Amino acid sequence: MGNVLRLLYGHCCKPATTTTGSHGVSALTHDVFQFETTSEVPEGLSKHVVSSKKAQANWYGKLSEAWRGANPPPKTAEEATRLVVQTLKRHQKKDVEGLLAFYGLPLPHTLVEVPVGVPTSTPAGVKFELQSLPIDAKSIADGDTVTVYVSTTDPRESSCLPRDVQKAADERSKARAVKNYTKADALHKQIVDAGYRVISLQNNEEVLAKKYRIRLRGIDAPESKMPYGKEAKEELAKLVQGKCLRVLVYDQDRYGRCVGDIYSNGVFVQETLLKKGFAWHYSAYDRRQELAKWENEARAKRVGLWASSNPEKPWDWRKDRREGR
């Protein structure tokens with residue numbers, strides 16, 4: 001067995017036998033590993049596919065080679081589906097989809113392709129641009145709102161940094177140096193109340209940063225208490241957590257949030273959320289045709305919230321609650 005497959009198996013899998021369709025990448029990796037040592041396919045798979053056990057053994061042989069050659073091996077469900085589809089592309093569609101369903105992996109028609117790339121010039125209407133520090137999990141409020149922090153060493157921020165905030169940051173640093181943490185905490189509260197925060201980076205470096213709440217422009221995700229609200233938030237977290245974001249700010253809403261487009265490692269975040277069915281195109285405030293197109297693609301595939309026949313719109317949900325309905 002190849003080292004790559006052995007390493008992934010060791011990290012992801014427990015030595016058990018899949019009999020009833022254990023879900024996920026680790027379960028599939030486990031069964032591919034088991035096949036290399038036993039030449040047996042998992043029990044229960046025949047209920048999901050149309051081909052014989054002999055044909056199934058052929059699939060696992062091919063998947064074993066594919067997993068060994070993958071660098072890096074699949075880590076997410078989407079990556080695993082793509083590898084399975086590519087490896088078994090000459091086999092029956094019912095078999096491929098049955099194998100994926102057996103492991104609870106996404107079906108091919110639900111996958112979305114999101115091109116990587118950011119605007120090479122500033123689009124019309126952009127008021128300013130932000131380059132954030134890495135995003136943490138607590139910064140993600142829901143599926144369309146995220147808090148970002150921008151270092152005050154950024155030229156735009158340094159030019160308007162309040163003197164009392166800089167002074168408080170300097171005094172806090174001195175207080176921590178002599179282990180006067182009570183004073184340091186009081187000074188940090190003063191900094192936070194002014195809309196700033198001292199951020200600790202992975203290398204133990206501390207950075208004074210300005211806080212911005214960002215409302216993703218052109219989309220409206222389900223509220224947290226709505227169906228798919230949790231899933232929308234989780235998808236946004238997968239896209240931005242730990243990343244430094246590029247934010248193009250167009251406006252400010254009535255809650256004081258910046259309304260902007262967000263790019264994470266070159267991926268346009270709103271495009272991904274729309275294509276995966278975790279948001280509506282907010283056409284009342286944004287007329288961009290590409291957003292409508294991406295929503296329609298998700299509707300046609302019935303992915304995400306579009307798996308429901310008539311999902312409730314978040315703006316209607318909010319209005320009902322404002323009016324006590």
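This is a predicted model: local features need pLDDT of at least 70, side-chain atom pairs count only at pLDDT 80 or more; totals for chains, interfaces and linings use all residues.
How are helix 2 and helix 3 oriented to each other, roughly perpendicular or roughly parallel?

## Helix 2 and helix 3

The axes of helix 2 (residues 25–38) and helix 3 (residues 53–69) approach to within 9 Å, and they cross at roughly 105 degrees. Angles of 65 to 115 degrees count as roughly perpendicular. Helix 2 and helix 3 are therefore roughly perpendicular to each other.

On the side of helix 2, the contact is formed by Leu-28, Thr-29, Asp-31, Val-32, Phe-35 and Glu-36. These residues meet Ala-57, Tyr-60, Gly-61, Leu-63, Ser-64, Trp-67 and Arg-68 of helix 3. Sorted by class, the contact has 7 nonpolar, 3 polar and 3 charged residues.

## Domains

The protein chain is divided into two domains: domain 1 covers 25–103, and domain 2 covers 128–153 + 210–323. Taken over C-alpha atoms, the centres of domain 1 and domain 2 are separated by 34 Å.

In soluble globular proteins, nonpolar side chains tend to be buried together. The largest nonpolar core in this model has 34 residues, of which Leu-130, Ile-214 and Leu-273 touch the most other members. Among the elements that give two or more residues to this core are strand 1 (128–131), strand 5 (206–216) and helix 10 (269–275). Apart from this core lies another, of 24 residues, including Val-41, Val-49, Leu-83 and Leu-88.

Leaving aside residues up to four places away in sequence, Ile-214 touches Leu-130, Asp-144, Thr-145, Val-146, Val-148, Val-247, Cys-258, Gly-260 and Ile-262.

Conventions. Residues are numbered from 1 along each chain as its sequence is written. Side-chain values use heavy atoms; hydrogens and water are left out. Domain bounds come from an automatic or database domain assignment. A nonpolar core is a set of buried Ala, Val, Leu, Ile, Met, Phe, Trp, Tyr and Cys residues joined through side-chain atoms within 4.5 Å. Buried means under 20% relative accessible area, exposed over 50%, partly exposed in between (1.4 Å probe, protein chains only). Helices (H or I, at least four residues) and strands (E, at least two) are DSSP runs, numbered from the N terminus. Contact means heavy atoms within 4.5 Å. Axes are lines fitted to C-alpha atoms, for helices over the stretch in contact, and angles run from 0 to 180 degrees between N-to-C directions. Angles under 35 degrees count as roughly parallel, over 145 as roughly antiparallel, 65 to 115 as roughly perpendicular and the rest as oblique. Ala, Val, Leu, Ile, Met, Phe, Trp, Tyr, Cys and Pro count as nonpolar, Asp, Glu, Lys and Arg as charged, and the others, Gly among them, as polar.
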